[in-house]
Amino acid sequence: KLSYEAKLANERFPITLYVDESCKEHCATARQWLQKRKAPFSEKLLKTAEDGDAFKQLSGKKEIFLPSVTVGRKFIEGFEPGAWGTALDTAGYPK
């Protein structure tokens, strides 16, 4: 069950984790980190060329680097716990 703070943050700044089939260990680590933080998130599996193109447009990059996350409109490329934690803190997710 989500806390009030987590529900509010999720409404304002939803989290999406971006992964693909080849991203095993790093994506699993990122997923576990979000789960440990008890942050509700959706997961987007990049399967098709269209998924990749949409991701590149979102990220503003020519390459796809996974795992990546969006917290609201903030895009963070790659899993870096400090940057992800700061983004979640700023969005109001409980620690």
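## An exposed lysine in a loop

Lys38 is exposed, with a relative accessible area of 64%; exposed stands for over 50%, buried for under 20%, and partly exposed for what lies in between, using a 1.4 Å probe and protein chains only. This is a predicted model, in which local features need pLDDT of at least 70 and side-chain atom pairs count only at pLDDT 80 or more, while totals for chains, interfaces and linings use all residues. Residues are numbered from 1 along each chain as its sequence is written, and side-chain values use heavy atoms, leaving out hydrogens and water.

Where does Lys38 sit? Its place is the loop between α2 and β2; helices here are DSSP runs of H or I with at least four residues, strands are runs of E with at least two, and both are numbered from the N terminus. Although Lys38 is not a glycine, its phi is positive, at about 60°. As background, most residues other than glycine have a negative phi, and most peptide bonds are trans.

Let us turn to a helix. Helix α3 covers residues 49-59, and its buried residues are Asp51, Gly52, Phe55 and Ser59. Seen down the axis of α3, these buried residues fall within an arc of 95°, so they line one face of the helix; the arc is that of the directions from the helix axis to the C-beta atoms.

What covers the buried residues of α3? The cover includes the strands β1 (15-19), β2 (41-45), β3 (68-71) and β4 (74-77). One of the buried residues, Asp51, has 17% relative accessibility. Leaving aside residues up to four places away in sequence, Asp51 touches Lys44, Leu45 and Leu46, where contact means heavy atoms within 4.5 Å. Just after α3 comes Gly60, with a positive phi of about 75°.

## Aromatic pairs

Rings of Phe, Tyr and Trp (its six-membered ring) pair if their centres lie within 6.5 Å; planes under 30 degrees apart count as stacked, over 60 as edge-to-face and the rest as tilted. By this rule the count comes to five aromatic pairs. Trp33 and Phe79 make an edge-to-face pair, 6.0 Å centre to centre with 65° between the planes. This pair links distant parts of the chain, with Trp33 in helix α2 (residues 25-36) and Phe79 in the loop between β4 and α4, 46 residues apart. Phe79 is partly exposed, at a relative accessible area of 24%.

Phe55 and Phe75 also form an edge-to-face pair, 5.6 Å centre to centre with 65° between the planes. Here helix α3 holds Phe55 and strand β4 holds Phe75, 20 residues apart. Phe55 is buried, with a relative accessible area of 1%, and Phe75 is buried too, with 19%. Together with Tyr18, Phe55 and Phe75 form one aromatic cluster.

## Two prolines

Which peptide bond is cis, with omega near 0°? The bond from Leu66 to Pro67 is, and Pro67 is placed in the loop between α3 and β3.

Pro94 belongs to the segment after α4 (81-91). Pro94 is partly exposed, with a relative accessible area of 30%. Pro94 and Ala6 are 88 residues apart in sequence, yet 6.2 Å apart in space, C-alpha to C-alpha. Not counting residues up to four places away in sequence, Pro94 touches Ser3, Glu5, Ala6 and Arg37.
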